Amino acid sequence: METVRVGLLGLGIVGSQVAERLECQRELVTERTGGPVELARVLVRDAAKQRTYLPSGAQLTTDASEILEDPGIGVVIELMGGMEPARTYIERAIDAGKPVVTANKEVMAHHGPELLQLAKRRGVDVYFEAAVGGGIPLISTFKIDLLANHISRIQAVINGTTNFIIDRMARDGAAFDDALAEAQRLGFAEADPTYDVEGWDAAFKLTIMSTIAFHGRIDPDAVYREGIRGLDPVDFRYAADMGYAIRLLAYARDHGDEVELRVHPALIPQSHLLAAVHDAYNAVVIEGDLVGTVLLYGQGAGGRPTASAVVGDVIDLVLSMRKGVDNRISVDVTRPRRVRPIDEVRTAAYLRLHVADRSGVLAEVAKILGDLGISISAVLQKQLIVEHAAAELVILTHPAREGDLRTARERLTALETVYGIPAFLRALIPEEAM
Ligand SMILES: NC(=O)c1ccc[n+]([C@@H]2O[C@H](COP(=O)([O-])OP(=O)(O)OC[C@H]3O[C@@H](n4cnc5c(N)ncnc54)[C@H](OP(=O)(O)O)[C@@H]3O)[C@@H](O)[C@H]2O)c1
């Protein structure tokens, strides 16, 4: 059996684990692909840098052409990250007739459909299991195991950094900045945490998952996105008093003519599967018309779990190459799917108001909500804030149109008896949670 020679772009956190598995578990890879697989060349930025794993059999290079233009390299693994030059290198590899395995969510969220189309034309495969949920098998689940279903809904916690921070805020009452600093100290958050904390990472993953689950092209810029920076520890306590946890929720729903896609902090019933996801773990709850509810849970990031998905893809790919079968994705990713504007989405909401500590205020608030057809599901009246002679009023609504909830917030803010609305969060009420 001919040796399949692999070119690896990137030898960082994930790349070094992939290189190590390919070289140190050669027998496993050979046995499972039916023949030898050799890591031939590895692209890095700085060839002199100290590495946690230095490939023994592969040559390091700083010139991508030595991989992309080498006819002896049969498979390219892209683990550089970022948009460019990663996107161009993937495109060049496909153009040169080389199948690609990538973990790059940014590239796949924005350009996945066109790269998959190009790959189809060039007769090669593109695998991207590791781009969503690290080691959790999500893409293959949608691509193969759930193909018989109409997927109606996905509810997920798919960013480990934010879940770690949220968990610290909930468990220890930590302020956001302190929980973030701890996440950074323990290696769960980057020095610049914007990409995770502002919800970009989760939005890209939700886009890729929904593209495959709902069979159509989704514009990642149309996904509604809010991060966790504004969360206050007090809201975790009030949410708990009402039987809820708070998570950065990635939510997707197929409405037939439109899809609903949003990433934002949300109250989730304590009984919900996602409320039990702690630390940096991820979980995805999928609903299909035939299968019912499926839960996938595991480590959504980290070098080893992500390498598990990457090397799994490589094995599957090489195996299909050797069998002479194409494993190209069976999902039509050319059909554009319209994303429902956020104002048209229906959701329950949690509002924390600072109000004048006098009678009649709740009636005023209830009238504004009632005039907009928003009904109240629970009210908590909290402690007096003495220096402002204000009371804290917490309201949980039943599901309503987001546009009406925003109008309500504006009208409430304008009331003379309302001093401020420090928190406005969405909620999944138990009836719609599962
Ligand atoms: N880390 C995770 O937990 C995780 C989880 C899921 C998915 N992913 C995805 O996996 C990919 C890799 O992530 P990572 O954490 O392993 O990244 P990383 O640690 O930053 O490693 C990136 C590697 O790519 C090389 N590189 C970057 N730009 C380059 C360029 N222009 N030319 C040549 N080499 C370049 C770097 O070379 P030098 O070493 O010489 O600097 C480095 O070896 C990303 O798409 C990421 O989103 C990561």
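This section describes the domain arrangement of a predicted model and the surroundings of one of its helices. Residues are numbered from 1 along each chain as its sequence is written. Because the model is predicted, local features need pLDDT of at least 70 and side-chain atom pairs count only at pLDDT 80 or more, whereas totals for chains, interfaces and linings use all residues.

The protein is divided into domain 1 (4-135 + 303-323), domain 2 (140-299) and domain 3 (344-433), with bounds that come from an automatic or database domain assignment. The centres of domain 1 and domain 2, taken over C-alpha atoms, are separated by 27 Å. To the contact between them (C-beta atoms, placed from the backbone, within 7 Å), domain 1 gives 14 residues and domain 2 gives 15 residues. On the domain 1 side, helix 5 (residues 105-122) gives the most, with 7 residues; helices are DSSP runs of H or I with at least four residues, numbered from the N terminus.

Helix 7 (residues 160-172) has 13 residues, which at 1.5 Å a residue should span 18 Å, and its end C-alpha atoms are 18 Å apart, in agreement with that value; the expected span is 1.5 Å times one less than the number of residues. Among the buried residues are F164, I165 and I166, together with the charged-type names D167 and R168. The buried residues pack against elements including helix 8 (176-185) and helix 11 (233-241). Just after helix 7, G173 takes a positive phi of about 70 degrees.

Notes: Two residues are in contact if their C-beta atoms, placed from the backbone, lie within 7 Å. Helices (H or I, at least four residues) and strands (E, at least two) are DSSP runs, numbered from the N terminus. A residue is buried if 20 or more other C-beta atoms lie within 10 Å of its own, exposed if 12 or fewer, and partly exposed in between; C-beta atoms are placed from the backbone.
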